[in-house]
Amino acid sequence: MSRFFATGSDSESEESSSADEITPKAPGTTLKQSLLLSDDEEDTKRVVRSAKDKRFEELTNLIKTIRNAMKIRDMAKCLEEFEQLCRAFLKSKNIVDKEGVPPFYIRLLADLEDYLNQLWEDKEGKKKMNKNNAKALSTLRQKIRKYNRDYETQITAYKENPQESADEEEEKGQDDSGSSSDSDEDDDGVSAKSFLKKKPEATPEASKFLKSAKGSGDESSSSDDDEDDEDWGSDTVDTGSDSSDDAEGKSASLAMVFLKKAHGPEKTTEKVGKKKKLKKKEKLEEEAEEEGGEEVEGGWEKVKGGVPLVKEKPKMFAKGTEINTTVVVKKLHEILQARGKKGTDRTGQIELLHALASISAEHNLGEGVLVKIKFNIIASLYDYNPNMATFMKPEMWKKCLECIDELLDVLYDNSDMFIGENIAEDSENLAISDQPFRVRGCILTLVERMDEEFTKIMQNTDPHSQEYVDNLKDEGHVCGIMDRLLNYLESRGTTEEICRIYLRRIMHTYYKFDYKTHRRSLGIQAETKSQQDQEESEGEDSAVIMDRLCKFIYAKDRTDRIRTCAILCHIYHHALHSRWYQARDLMLMSHLQDNIQHADPPVQILYNRTMVQLGICAFRQGMIKDAHNALLDIQSSGRAKELLGQGLLMRNMQERNAEQEKIEKRRQVPFHMHINLELLECVYLVSAMLLEIPYMAAHEFDARRRMISKQFHHQLRVGERQPLLGPPESMREHVVAASKAMKMGDWRTCHSFIINEKMNSKVWDLFPETQRVREMLVRKIQEESLRTYLFTYSSVYDSISMATLSDMFELEIATVHSIISKMIINEELMASLDQPTQTVVMHRTEPTSLQNMALQLAEKLGSLVENNERVFDLKQGVYGGYFNRDQKGGYQQKQSYQRDGGKGGYQSKQGGYQGGYQGGYQGGYQGGYQGGYQGGYQGGYQGGYQGGYQGGYQGGYQGGYQRGYRNQNQGNY
């Protein structure tokens, strides 16, 4: 609301001319009177506005709010207002279709996108943002990028010539309405550059009044909002006049206001002149930028840190100075003194060293000086990033590789040159003389640092981008440098240095599958002659290289760490190429599993990777139990991703602070070395299925049945809790569905769930010998399904033909015979083989379901009674000597719960839960289910399930001479 309303109209001031009378007025009356307007004023202020004006005014108000939020970096407000703006623009769709998209709307979209991009690139600024603003920034950035796709052409046209776009908008504003509000156009007139701070000068306040001067000849036709903006845009004199208005009364305030309007034209002309000058200045700068680009010589020039750019190379030496070794070395020390100091230009330092190297080469000062300078150039390149977490820029990385190559060239050309860390500065010989050059420095340390930088580059590159592939191509160059250094050190280096470079070479070889050797082992020839020539030129196999390098380290290394890493890499390489027995024997002989917990985290990660690869290798070879045991520790933890160094799990800040997180990120394995976690989990779950399902069938009624794999049981429980069972989709669902089919002995359904197109593409096709792995899996599924079938349905059969089993499971009769024989020998199946008829005769010795339930109930009741008595004793104390604490600390009843020496289990001398000499539930000398002194599953002297002297039909589950579950003499239940 304008302040003219607050001070009252002309008619009001005339009516209240007698200001001497001071009469008390009720609060609010002044406001009511000030709102009463005369008829003339009502006529002038009442304006009929079109729908277009209303809609555009709504848009401009929202744009003004957005720009204010941009100034204070309130991203949450920006996001909220932008969503309202989009909704308001959607309401204006009919008008926009007729009139076209308003230029001020396009201008805001372009400015907002540029502003958000600049904020996004400002890493430090993003870190300082609070959580809400950072979240709003990312959301708004995504929305504006998506939204601006519909207006790409208009935004491009605006960005090409923003000044013309502004002029067009002004002309359009004049045509539409001469009395449109200045405040809206004023806010739209602020360019993106003012927000992005690309140019030092901002649009002055005077420019706010230029458009109103063009749009309407006299200021009386402008709206109250324009006058409002003029008031706010004026200087402190105006505000002073405002404060005096309140003191002097209504008539004085009106006079001041109208006096102020009298000076308006002069101020407007001043502001017009200022704006014209600024426009000329901006045009000159834009023309200069277009013509000269970044290298413009005239006009303004961007400076860094307040210091003008030095375009001329600094002079290394004074004019007339004789260039010799001493002078160059002195200059080198001067440059190096600034190294690491605050404010040192690291790029400039590298350029100075390069210039010094070229000067020494021009004056033929010898290879010694050149090598020393090269050492320092490479060290300066490594120091370019002071933070260990940051990685080298691509241009610096390329320079580093080139410098190391040049240094190795010099070392190869001068075989008599001595370099080493143990050479003191005083004993260096850099000048050309009869004596060989002696230079302080270690080329091995530089190459090791180069390898670490390469790893950091790979860790910090998006693995799904083309940039990652381009960076990975540099690995060939890195390995080439290592091979050159390896050859150099083999002739001149110490044993310790050779071991270090051997390990670096091993670390770049152990995880790579040698397809050339694999094809050769399968007898597959290369298709074309060029491929054959390439294979011949590639040199020796990776297995031969690994064997040679690792065995040297085993024999010569004095540090445990290098030898441990070499052993693990060797095992990994064996396992990767399906050499199961060599890998297993090397792991068992090394005894690394005994003390690996004391190793540093990178070695532990390597150990975990090796164990996983060993388990996958065992699975490919059909060693299901070995595969399960190798993968058990990694998979049961639920942190396979973290243990293999392939990513971090989300944790609370209490468990891991920011510094620990940075350290753990530096330990991560680059993406191209990752092991497929889905393949790993699938191998583990299938191995667990092949072991667990037959075991569950064999011990269905055993209360003390143990779990082989907790994770597998968890997946089964998740599958059972599903309210609606549809066809399996994920890998886990496929394994659960296959397990249910195997429980029923249906191997064909199990096979169809494990091996199908979806599982092939996700898992099985990733193995080198895909077909062989599938055949092995089918065979294992058939065998384990047969075992499960016999366990589950043996109580149904009196006898079953092996030929029938062979047809059901599509196995050879010899295989069926072998499986059943093993089950009988291991006492898993109570049966016998009838050789003439080729049948399996079942023995009816299995307990019935009622007996099984009775056994379980008895065990649970016994444990319940014992626990109850212990709790009672803890609360009441020992009562009447009825219980006493034995030496082992357990409460046991003298008569009925005393542990019987070497016979195991709780057995009473005079009867009780397991009834002493006379039997009872398990009957002493007379046999029983677990018979007396001979205990175990086969009681008494006669063995088998029928114990005691009376074994066979008199024994069984009826213990001793007195059959049944109750002993007639002294036993009790």
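Me: What share of the 973 residues in the protein chain do buried residues make up?
Reply: This is a predicted model, in which local features need pLDDT of at least 70 and side-chain atom pairs count only at pLDDT 80 or more, while totals for chains, interfaces and linings use all residues. Residues are numbered from 1 along each chain as its sequence is written, and side-chain values use heavy atoms, with hydrogens and water left out. If buried is taken as under 20% relative accessible area, exposed as over 50% and partly exposed as in between, with a 1.4 Å probe and protein chains only, the buried share of the protein chain comes to 41%.

Me: Is helix 6 roughly parallel or roughly antiparallel to helix 10?
Reply: Axes are lines fitted to C-alpha atoms, for helices over the stretch in contact, and angles between N-to-C directions run from 0 to 180 degrees; those of helix 6 (residues 75-91) and helix 10 (residues 131-147) come within 8 Å and cross at roughly 30 degrees. Under 35 degrees counts as roughly parallel, over 145 as roughly antiparallel, 65 to 115 as roughly perpendicular and the rest as oblique, and the crossing therefore makes helix 6 and helix 10 roughly parallel.

Me: How many nonpolar residues does the contact of helix 6 with helix 10 have?
Reply: With contact meaning heavy atoms within 4.5 Å, residues including Leu-79, Phe-82 and Glu-83 in helix 6 meet residues including Leu-140, Lys-143 and Tyr-147 in helix 10. Ala, Val, Leu, Ile, Met, Phe, Trp, Tyr, Cys and Pro count as nonpolar, Asp, Glu, Lys and Arg as charged, and the others, Gly among them, as polar. On that basis two polar and two charged residues take part, and the number of nonpolar ones is twelve.

Me: How many charged residues are in the contact of helix 27 with helix 31?
Reply: The axes of helix 27 (residues 495-507) and helix 31 (residues 560-576) come within 10 Å and cross at roughly 30 degrees, which means that helix 27 is roughly parallel to helix 31. Cys-499, Arg-500, Leu-503, Ile-506 and Met-507 in helix 27 meet Ile-562, Cys-565, Ala-566 and Cys-569 in helix 31. These residues divide into eight nonpolar and no polar, while the charged ones number one.

Me: Which residue takes a positive phi in the hairpin of strand 4 and strand 5?
Reply: Strand 4 (residues 831-834) and strand 5 (residues 839-842) pair in the antiparallel sense over four bridges, and Ser-832 stands opposite Val-841 in strand 5. The hairpin has four residues between its strands, and the positive phi, near 55 degrees, belongs to Gln-838.

Key: Helix = DSSP H or I, 4+ residues; strand = E, 2+ residues; numbered from the N terminus. Pairing = 2+ DSSP bridges.
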